[in-house]
Amino acid sequence: MENEIKLVSGAMVTLSLATAAMIVVPFLQLKDVPPPPALKPYTSQELRGRQVYMANGCIACHTQQPSSTGAGIADAARGWGRPSVAGDYHYDQPPLLGTMRTGPDLFNIGVRQPSADWHLGHLFQPRAYVAGSTMPAYGFLFEVKDEAAVVKGERVVVLPPGTVPAGKAVVAKPEALDLVAYLQGLKREYPVLTPAQAEAAARLLPGEAKPAGAAPAPSNADDRGGSDAAPETNS
Amino acid sequence: MNPTALLLATFLLSIAGLFAFIWSLRKGLFDAESSGARTIFSPGEVGQPEEPTASAAQQRGLEQVVAAHAEPAAGIDAGELAAREAADRSSAFPAFVLLGAAAVWLIVASAAGLLSSLKLHWPDLLTDQAWLTLGRLRTIHLNAVAYGWAPMGLLGLATWMLPRLLKTPFVGSRLVIVGAVIWNAGLVAGLGGIAIGINAGMEWLEIPWQVGLLFAIGGMLIGLPMAFMLQRRKVHHLYVSVWYMGAALFWFPTLYIVAKIPGVHFGVEQATMNWWFGHNVLGLFFTPLSLACVYYFLPKVIGRPVRSYNLSLLGFWTLAFFYGQVGAHHLIGGPIPEWLITLSIVQSVMMIIPVVAFSVNQHLTLKGHFSALKHSYVLRFIAFGAMMYTLASLQGSMEALRSVNAVTHFTHFTVAHAHLGMYGFVSMVIFGGAYFALPRILDIPWPKPALINLHFWLVVAGFAVYMVTLSIGGILQGLVLLDPARPFMDSVAVTLPWLQGRSIGGALMTLGHCVFAWHVLLMTVRSGVLTRPDRATAALARA
């Protein structure tokens, strides 16, 4: 090759083709997709919680996309919900799809774990709730202080016995409360298919799986150790 | 998108490709060798190895290997050698600044990576500080590699190669140095931001666009000299390394600016953009720059031109055409248009063409010279890197297939695959290039050549452990995730021993990096480049 102009223009043409295919056409195709009517925008506390989620790189271990292929059937069986669709992410800036399932998918964690106490305690010490969990303990989102020093209005976390020394109390910082509000709000139970589509999809799925669009069964297969306000100890 | 139109477009494109192929045959583009490949050699140099790390004994060994397959070299005349020396001097200081920065970021990235790896199977390790949490450290690791070690190293080698490839003294040393300072300032700000929780929330794009502006400006200043030099070049022919470097230096800013421009991307479209960028920064920036290094250093060490020059032409244009569209295979099964995923899978498989073109070419070039690996450290790193490119790319093509992806998606296998490319290929090539270039840049030999050998075996052993354990762990994890009868926690438990194995591999690699960085520091101190400012200013003045 002798001509640098040809080289650079050729290189830019190939990149333009790729950009057209990967960015421009999806942009045009998706820009008018409306949000599902039942999907609500985030509250300001949830948005703050979303920032905490991003700041701590939760995306490194958690996806937010129950899949439609591969593990999709298992996703549904684990109660992770129907496969997500483009409209589900209408209010997500940016979308937090993630690429790793070192931890479970969180797209519907608010359905599986509605309790704020569970979330707070689990963030403080995951292993007190889920045996064998490798999730980091987020101790820096909490303050451990003497029970006597707790001020009125502070959120004291109810923890399984033995997690903190006697006489000490764990108080959630605002970041922890925001994050939990966000996690509790992650519920996509609304249907995204027309009834006819849902029926057609149900015929394609094997017997046990729920039809697409139906509310996911609140299962705690992945979060053993209590799905309710009063956590069980694991030891 | 209308599937019929897509099929028709694909069909027409294949027909056009077929005619291009026939035309290239008519023009003799596939002939075994053309004179272009000899551009990097001076008259009389073919058949003469260049290996700055070799001891006298290694040099003799190399010469024997080379002499067995070629006419003895006539030798380069003194004028040519002086010109090459002048070329090396002209780029020495900017290349040193970039490579030095790369070595520093390598250590930062390795420390963050190793600690993240330990935390994956030791979750209560260092949990009191927010910045030491896994999500932040892993992000710091990724960004320190993606914006520190790899681009600084590759741009340093490109800066050093350019005067040799274009036979033109380096132009704009000051621009490169200022650009490197701005870029590194951006990196410090970006990584510091991630540590305190400022994160834009997309993989590979965590550094916010306000800081990204510094990369854009710094990168432009580092890249500009190339544009100046292309205009002033004294060679008629542009060698294959120049194509790759030239294209990469235009591709990367386009990618980064499109990805970071605020207020354009939304919802799922932003996710497709994310992987368009995330994959293309590998394919259209790190890969071409690394291939440019392989195409220069490998023939240079064994004193033999690239065998099939036109195969490299095919490799270049097919890479340019196919690689840009493979990113959506990261979202198979995701909430994005199905045609986009299919397109990416097809293009991922098409990537076999440039990869095989490159691999066959390098193999033919090295054929008969494999015993040179015994005598040349540089060749070991470069040849290892080139082989890992083949392996990583073919693995990538397989992984994009829906059936394979069903198992590997969302698992540690993907992480192993990323390291095969970014470490096995890119990093090993940078190591090899640095071992070749730094003695020319600092004008003294490596102080302790035995350390190079130690570095090589530490990282190769560590990398082998890393790859094997993490790949197995990832596949086992994927199989559990696919089985609805097994609870999710089984997929965590099954990976634990393999994650521990990965940490051992990572520790060996980190140790190897410390050996490398120590050696670079030792050489820098002995060369006096840091203690004698007159030398630095002299280098600047010549530019």
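**Side-chain contacts up close**

Guide: Start with B:Asp490, which is partly exposed at 26% relative accessibility. The scale is this: buried is under 20% relative accessible area, exposed is over 50%, and partly exposed lies in between (1.4 Å probe, protein chains only). This is a predicted model, in which local features need pLDDT of at least 70, side-chain atom pairs count only at pLDDT 80 or more, and totals for chains, interfaces and linings use all residues. Residues are numbered from 1 along each chain as its sequence is written, chains are lettered from A and ligands numbered from 1 in the order in which they are written, and side-chain values use heavy atoms, without hydrogens or water.

B:Asp490 has a charged partner. It meets B:Arg486 in a salt bridge, at 3.3 Å from N to O. The term stands for a side-chain nitrogen of Lys or Arg within 4 Å of a carboxyl oxygen of Asp or Glu. B:Arg486 is partly exposed too, at 35%. Elsewhere in chain B, salt bridges with shared partners join B:Glu45, B:Glu50, B:Arg84, B:Asp88, B:Arg164, B:Lys300 and B:Arg440 into one network.

Over all chains, the count is 24 salt bridges. One of them joins A:Arg48 to A:Asp178, with the closest N and O atoms 3.1 Å apart. A:Arg48 lies in helix H2 (residues 44-55) of chain A and A:Asp178 in helix H6 (residues 174-185), so this contact ties together parts 130 residues apart in sequence. Helices here are DSSP runs (H or I, at least four residues), and strands (E) need at least two; both are numbered from the N terminus. A:Arg48 is partly exposed at 44%. A:Asp178 is buried at 9%.

Now take A:Arg82 and A:Asp88. Their closest N and O atoms are 2.9 Å apart, in another salt bridge. A:Arg82 is buried at 6%. A:Asp88 is buried as well, at 0%.

Next, the cysteines. A disulfide needs two cysteine sulfur atoms within 2.5 Å. The count over all chains is zero. Look at A:Cys58: its closest cysteine sulfur is in A:Cys61, 8.5 Å away, and that is too far for a bond. A:Cys58 is buried at 12%. A:Cys61 is buried at 14%.

On to the rings. Rings of Phe, Tyr and Trp (its six-membered ring) pair if their centres lie within 6.5 Å; planes under 30 degrees apart are stacked, over 60 edge-to-face, and the rest tilted. By that rule there are 44 aromatic pairs over all chains. Take B:Tyr423 and B:Phe463: their centres are 5.4 Å apart and their planes are at 35°, so the pair is tilted. B:Tyr423 lies in helix H15 (residues 412-442) of chain B and B:Phe463 in helix H16 (residues 449-482), so the pair ties together parts 40 residues apart in sequence. B:Tyr423 and B:Phe463 are both buried. They also belong to a cluster linked by ring pairs, whose members include B:Trp149, B:Phe381, B:Phe384, B:Phe456 and B:Phe516.

Last, charges over rings. The test asks for NZ of Lys or CZ of Arg within 6 Å of the ring centre and within 35 degrees of the ring normal. The charged end of B:Arg380 sits over the ring of B:Phe456, 5.5 Å from its centre. In chain A, A:Arg78 lies over the face of A:Trp80, 5.7 Å from the ring centre.
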